[in-house]
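Trainee: I have a structure open and would like to learn how to read it. Could you walk me through it?

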Amino acid sequence: NKIIHFDSIDSTNEKAKEYALQGEKEGLVITAEEQTKGKGRKGRDWISSKGSGIWMSILLRPDIAPCQAPKFTLLAAVAVAKSIQEETGLLVHIKWPNDIILNKKKVCGILTEMNAELDRINYIVVGIGINVNQQENDFSEEIKNKAISLFEVKKSKISRQNLTRRILTNLEKYYLNFVKKEDFSSILKEWKELSCNLEKEVKVVLNGKEIEGIAKDITEDGALLIENREGKLIEICYGDVSV
Ligand code: BTN
C-alpha cells in the first residue's frame, strides 16, 4: 500500500479525492495527525485534533455498479470494529449505518464518498475517523455526551500505528473477498453480529419525519428494516438512528 501521511491537512477525504482525480491507483491511503476541516456525514464537522486519533482515507476503484457503493461502508465498519476488538480487547458495536459504538458512545465514524459515471464506479473514498487517545477533557462540552475514545475505556495509550496497520490488513481481506468472490453475505453476517440495533426500539428521522419501531433486519443492500407500531415493515436506506 502507498501511504501518504500529513502533519496537518484540511480533510483526508478531500486529499484522497484529489489524488483519485489525478488517476492514482486504488489502495492509496491518506493519513493525518490533524484535520483542520474534518468532515462528518450530512455536512457536519468532524473534530480531528492533533495526534490523538486516526484520521484516514482509503481510495478504492472496484469494478462494480454504483448502487453497490453503500456496501463498502458496511464492509469498512466490520473491518474497523473487528480490528478495534483484536487490538484492544474492547467490545464495540456497530450502529446503523456506520457508527462504531463503545459504552453507548461514538468512538468511530465512517464517511464514504463516491464518484461514478453512468453504470460504473470511478472511485470510492472510505474515510475513517477513530477517537483513540483523547482524554475526557479533550472533547468539547457539546460532544462529550456523544463521543468517547478508546483510551477512556482501556485506560492506557493505544498505538495508532498498530491499529491503523491492522485495519488496513483486515479491510483488504474483506474488500478482496467481496470484489473477487462477490461474496457479501459473510460480511453481512458479521455486521449483524456486531449490530446494536437489531430487535431494539429505534427512531429514525427520514425527510424530517420520525419513524419509530423495532429494527428487524438489514437487507442484502444494507438498508435497515423497521417494523412500526402497526406491524408494517419499512425499509430505510439513509438516515440517523437514535435510541
Ligand atoms: C460521521 O460519522 O459523520 C463520519 C465521520 C468521518 C470522519 C473521517 S476522519 C477521516 C476522513 N476525513 C474526513 O474529513 N472525514 C473522514
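Trainee: How many residues surround the ligand, and which are the closest?

Mentor: We call a residue near a molecule if its C-beta atom, placed from the backbone, lies within 6 Å of it. Here 21 residues surround the ligand, and the closest are Ser-11, Gly-40, Gly-109, Gly-127 and Gly-129. Keep in mind that this is a predicted model, where local features need pLDDT of at least 70, side-chain atom pairs count only at pLDDT 80 or more, and totals for chains, interfaces and linings use all residues. Residues are numbered from 1 along each chain as its sequence is written.

Trainee: Which helices and strands supply at least two residues of that shell?

Mentor: Helices (H or I, at least four residues) and strands (E, at least two) are DSSP runs, numbered from the N terminus. Helix 1 (12–21), strand 3 (53–60), strand 6 (105–117) and strand 7 (120–131) each supply at least two.

Trainee: What is in the largest nonpolar core?

Mentor: A nonpolar core is a set of buried Ala, Val, Leu, Ile, Met, Phe, Trp, Tyr and Cys residues joined through C-beta atoms within 7 Å. Buried means that 20 or more other C-beta atoms lie within 10 Å of the residue's own, with C-beta atoms placed from the backbone. The largest core has 53 residues, and Leu-75, Ala-76, Ala-77, Val-80 and Ile-100 touch the most other members. Helix 2 (residues 70–88) gives the most to this core, with 10 residues. Apart from this core lies another of eight residues, including Trp-96 and Ile-226.

Trainee: How far apart are the end C-alpha atoms of helix 2?

Mentor: The expected span of a helix is 1.5 Å times one less than its number of residues. For the 19 residues of helix 2 that should give 27 Å, and the end C-alpha atoms are 27 Å apart, which agrees. After helix 2 comes Gly-89, with a positive phi near 80°.

Trainee: Which residues lie on each side of strand 5?

Mentor: In a regular strand the side chains alternate between the two faces of the sheet. In strand 5 (residues 99–102), Asp-99 and Ile-101 are on one side and Ile-100 and Leu-102 on the other, all buried.

Trainee: Which residues does Ile-100 stand opposite in the paired strands?

Mentor: Two strands pair if DSSP finds at least two bridges between them. Strand 4 (residues 93–95) runs antiparallel to strand 5, joined by three bridges, and Ile-94 has Ile-100 as its bridge partner. Strand 5 also pairs with strand 6 in the antiparallel sense over three bridges, with Ile-100 opposite Cys-108. Two residues separate strand 5 and strand 6 in their hairpin, and Asn-103 in the turn has a positive phi of about 50°.

Technical notes: A residue is buried if 20 or more other C-beta atoms lie within 10 Å of its own, exposed if 12 or fewer, and partly exposed in between; C-beta atoms are placed from the backbone.
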